[in-house]
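Okay, thanks for coming, everyone. Let me put the model up and then walk you through it.

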Amino acid sequence: MSKRSHKLFINIDLPARRSMFMVPGTAREPGTNGLNSLQGNTMKFGLAERSRIAAFLIFAFLSFAVQLRAQFAPAPAGSAFSIPEAQLLKPEALIQLLQTTNKDKPLILQVGSHMLFAQAHIPGSEYAGPGSQPAGIEQLQIRMNALSRKKLIVLYCGCCPWNRCPNLGPAFAKLREMGFTNVKALYLANNFGADWADKGYPVEPGN
Amino acid sequence: MSGIPKAIGNAPCILRRSFAVKLLLGLCVGVSAAQSPVATTSFLHKQAPQFVRTDFENRKLDLRAYRGKVVLLDFWATWCASCQIEMPRFVAWQSQYGPRGLQIIGISMDDDPALARKLYKKMKLNYPVAMGDERLGQLYGGVLGLPLTYLIDSQGNVQARFRGEADLNSIEEKFKTLLRP
């Protein structure tokens with residue numbers, strides 16, 4: 001858009017405002033007959049531009065509205081997104097925790113696939129059943145029943161990308177429901193292989 | 001913790017918007033990193049590890065028997081949403097490119113075979129699928145996250161590994177170069 005038409009767009013008068021969304025040539029606004037030919041051409045060009053800009057703005061607004069709605073919608077039950085950020089633990093933080101904690105080591109539970117656990121898991125961790133299935137939640141509950149509610153628990157899964165993990169959310173919610181106050185979830189953005197094993201953090205196979 | 005999404009339910013709007021942007025960027029970076037064929041994998045351009053299984057139709061599934069075909073070996077599970085998104089495309093590819101020598105093989109990494117069989121029927125998979133186990137996973141370097149797909153050429157050599165939510169168009173472009181005209 002030229003500087004001139006840009007200026008016209010900004011300093012647009014009331015009649016032009018009314019005609020902003022009109023297709024040039026299809027209707028005539030009163031009071032525009034006095035424009036000379038140069039102004040008329042510029043105005044026609046400006047109107048077409050404005051129509052395109054208006055269409056773009058409407059499209060952008062609708063897209064933004066859809067994104068906003070998705071963003072502010074509550075996290076679906078069971079999603080890993082339902083776990084508060086304050087309760088997330090980065091892999092390096094867990095390593096540090098394991099190295100520095102002498103007395104009260106955290107209980108690390110894998111709440112995903114057993115087949116993945118059997119191939120490789122964090123040394124010292126236990127398999128607690130898939131959090132996405134009722135049987136897994138029951139297994140977790142049985143394991144945790146006798147423990148102190150203040151015990152530091154670290155849950156992890158790593159079956160799939162964080163936004164797709166079906167296991168961590170329900171397992172975390174179950175422990176909170178049981179009264180555990182010190183539950184963390186290991187944040188693995190992609191999966192256990194990419195974000196833990198491939199980075200050289202310790203693993204061990206077995207059941 | 002920096003770089004990790006805040007609690008959606010409790011955070012103020014501005015923080016929620018901020019973490020959403022950070023999360024989106026992080027996921028984009030993560031996914032794009034994960035979906036690239038891993039050039040440094042020890043299997044690349046080497047013979048794919050052999051295995052024999054019984055598929056869900058009770059037929060023998062011997063990887064060696066597919067020598068001469070281009071094989072797309074897909075590790076999946078019922079709990080893997082991304083895997084299920086890929087399946088209809090795999091079905092279409094098997095129909096479209098099967099006559100040109102493509103063979104898709106599915107390996108379920110589910111703990112419960114019944115769940116895998118159920119999804120196999122529901123998705124009407126038109127290619128052989130068998131159950132995997134930790135030994136098969138370790139044979140392929142550890143299946144520590146799904147989806148995971150290997151592209152094996154007609155000589156039985158691994159040509160690419162696609163890990164995570166891969167760009168299906170790039171997989172298609174890759175295997176098409178190996179197919180018969």
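One definition before anything else: I'll call a residue buried if 20 or more other C-beta atoms lie within 10 Å of its own, exposed if 12 or fewer do, and partly exposed in between, with the C-beta atoms placed from the backbone. Now, this is a predicted model, so to speak of local features I need pLDDT of at least 70, and side-chain atom pairs count only at pLDDT 80 or more, while totals for chains, interfaces and linings use all residues. Residues are numbered from 1 along each chain as its sequence is written, and chains are lettered from A, with ligands numbered from 1, in the order in which they are written.

So, what is A:Phe81, buried or exposed or partly exposed? A:Phe81 is partly exposed, because 19 other C-beta atoms lie within 10 Å. You'll find A:Phe81 in the loop between helix H3 (37-72) and strand S1 (88-89) of chain A. Helices here are DSSP runs of H or I with at least four residues, strands are runs of E with at least two, and both are numbered from the N terminus. A:Phe81 also sits 9.2 Å from A:Cys165, C-alpha to C-alpha, though 84 residues separate them in sequence.

Zooming out, chain A has eight helices and five strands, in the order α-α-α-β-α-β-α-β-α-β-α-β-α. Of its 207 residues, 32% are buried.

Now helix H7 of chain A, residues 168-177. Seven of the ten residues in H7(A) are buried, among them A:Leu168, A:Phe172 and A:Leu175. What do they pack against? The buried residues of H7(A) pack against helix H6 (134-144), strand S4 (153-156) and strand S5 (183-186) of chain A. After H7(A) comes A:Gly179, with a positive phi near 105°.

Next, confidence. pLDDT is the predictor's confidence in each residue, from 0 to 100. Chain A averages 78, and 67% of the residues score at least 70. Over residues 1-42 of chain A, though, pLDDT is below 50, and that stretch has 31 contacts beyond near neighbours in sequence. A contact means two C-beta atoms, placed from the backbone, within 7 Å. Residues 66-76 of chain A also stay under 50, with eight contacts beyond four places in sequence. Where pLDDT is low, the predicted coordinates should not be read in detail.

Last, chain B. Chain B has five helices and seven strands, and 38% of its 181 residues are buried. Of the contacts in chain B with a separation of 6 or more, 70% are between residues 24 or more positions apart.
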